[in-house]
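Hi everyone, thanks for coming.

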Amino acid sequence: YHVINPKFVLGNSLYGNLKLGKKLNEGKTKQIFELLDEPGHVLVQSKDQITAGNAVRKDQMEGKAAIANKTTSCVFRLLQDAGIKTAFVRQHSETAFVASQCEMIPIEWVCRRIATGSFLKRNPGVKEGYRFSPLKTEMFFKDDANNDPQWSEEQLLVAGLEPADLTIGRCEVDIMNKSTVAIFEILEKAWATQNCTLVDMKIEFGVNVSTKEVVLADVIDNDSWRLWPAGDRSQQKDKQVYRDLKEVTPEAMQMVKRNFEWVSEQVKLLLEPQTVGRVVVLMGSTSDMAHCERIRKACSSYGIPCNLRVTSAHKGPDETLRIKAEYEGDGMPTVFVAVAGRSNGLGPVMSGNTAYPVINCPPVTPDWGAQDIWSSLRMPSGLGCSTVLSPDAAAQHAAQILGLTNHLVWAKLRASMLNTWISLKQADKKLQHCSL
């Protein structure tokens, strides 16, 4: 490998004002340097090298470092914005990004939606294209000398790995397994917006040396997945094209590079919503403002704009219907949330006059709340509004509706599910240790 001398790069404008320390690691496609001015952070520098078959085949591909860095930075931003814990901190230059320092767990986690590649060789009889529902996860121990053998959970559990002094036990293995599935599903949903099928993907985890948390680390770029536009293998855009080359010629490498460039451009589009939706909260009185503000705050956590309006279906039905028409008129996907105490006419009137979803979220009072709730629950036939008492849950329900057409909202919901599960898992582990 071509080794960059840290003394040389200190004066290179590529690294700006970063002061590089020693080189901590070097792989086939990247180098990792400590950052003297940012304790706990490292610089991940990509290389212009492409490899296949544990570097049995390797070639220089001019510009690959920049392409890979752009791709991985976009992917990590997407995941981080959703709420997935990663080592990524920021993109630093065209070819490098800053990350939290991690001790890597030497396992490649592979997640598959469609059976292809090595899975078919290891599972004769399974035809290419077999669809895994639920997703299939596998793990491979990183050992070039033995061609990265497949491991079972049991092998990982008895290996006694202790990166950054954290023992990799049942809790950590389960967290990595669940996280792998969630990360795949978020990226699968994102790529579907570009009519691309995410076929399979490999990722790695590390232990953050500062927080001792298991986080998504390493990189996710065009070496990490199989990507088939329109679900068509003949249009594949990933590194498999390079692996399949019978002969490496300048023309063939240009074709591979064009594929990588195409992916790096498309991946930027994954950070943009295909459709923009909103929540409109209608309150019967400003006395319900605190309740409505909780809904708006919860909506903002999903990245959803939320408008607050005051209208009474009892006292001003014509104005209520005019406000409804205002939001129907621009074609933006909208969920209405009706907040009305006492007798709730607001939600039922809205539901009877719009095809948009309506959620009742009445502020229940201690005196008459048990009686008032029936005006939200018992309604005439032909009305389809739901009733959710918690403001946070009402916002979540609205997000689930809008997430059907907005992959970024869906990603936040999916990551929230994962993080809730991880919190429970860690609380259980802590309790067991206390009991012991």
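Let's start with a question: is the crossing in which H8 passes H13 left-handed or right-handed? It's right-handed. Those are helix H8, residues 289–301, and helix H13, residues 391–402, and they pack at an angle of about 45 degrees with their axes 8 Å apart. That angle makes H8 oblique to H13. On the H8 side, the contact is made by His291, Arg294, Ile295, Ala298 and Cys299, and H13 brings in Pro391, Asp392 and Ala395. Sorted by class, that contact has 5 nonpolar, 1 polar and 2 charged residues.

Before the second pair, a word on what you're looking at. This is a predicted model. The chain averages a pLDDT of 93, and 96% of the residues score at least 70. Please be careful with residues 1–13, though: the pLDDT is below 50 there, and beyond near neighbours in sequence this stretch has 22 contacts in the model.

As for annotation, an unreviewed UniProt entry lists residues 277–424 as "domain: PurE". That span is 48% helix and 15% strand, and its end C-alpha atoms lie 32 Å apart.

Now the other pair. Helix H2, residues 64–82, packs with helix H5, residues 170–192, at an angle of about 115 degrees, with axes 11 Å apart. H2 and H5 are therefore roughly perpendicular to each other, and H2 passes H5 in a right-handed crossing. Who makes the contact? Val75, Leu78, Leu79 and Ala82 from H2, and Ile183, Ile186, Leu187 and Ala190 from H5. That contact counts 8 nonpolar residues, no polar and no charged.

Terms used:
Residues numbered from 1 in each chain as written. Predicted model: local features only at pLDDT ≥ 70, side-chain atom pairs only at ≥ 80, totals over all residues. Heavy atoms only, no water. Axes fitted to C-alpha atoms, helices over the stretch in contact; angles between N-to-C directions. Helix = DSSP H or I, 4+ residues; strand = E, 2+ residues; numbered from the N terminus. Parallel < 35°, antiparallel > 145°, perpendicular 65-115°, else oblique. Left-handed = near helix turned anticlockwise from the far one by under 90°. Contact = heavy atoms within 4.5 Å. Nonpolar A, V, L, I, M, F, W, Y, C, P; charged D, E, K, R; others polar. pLDDT = per-residue confidence, 0-100. UniProt positions renumbered as here; feature names shortened; annotations may be inferred.
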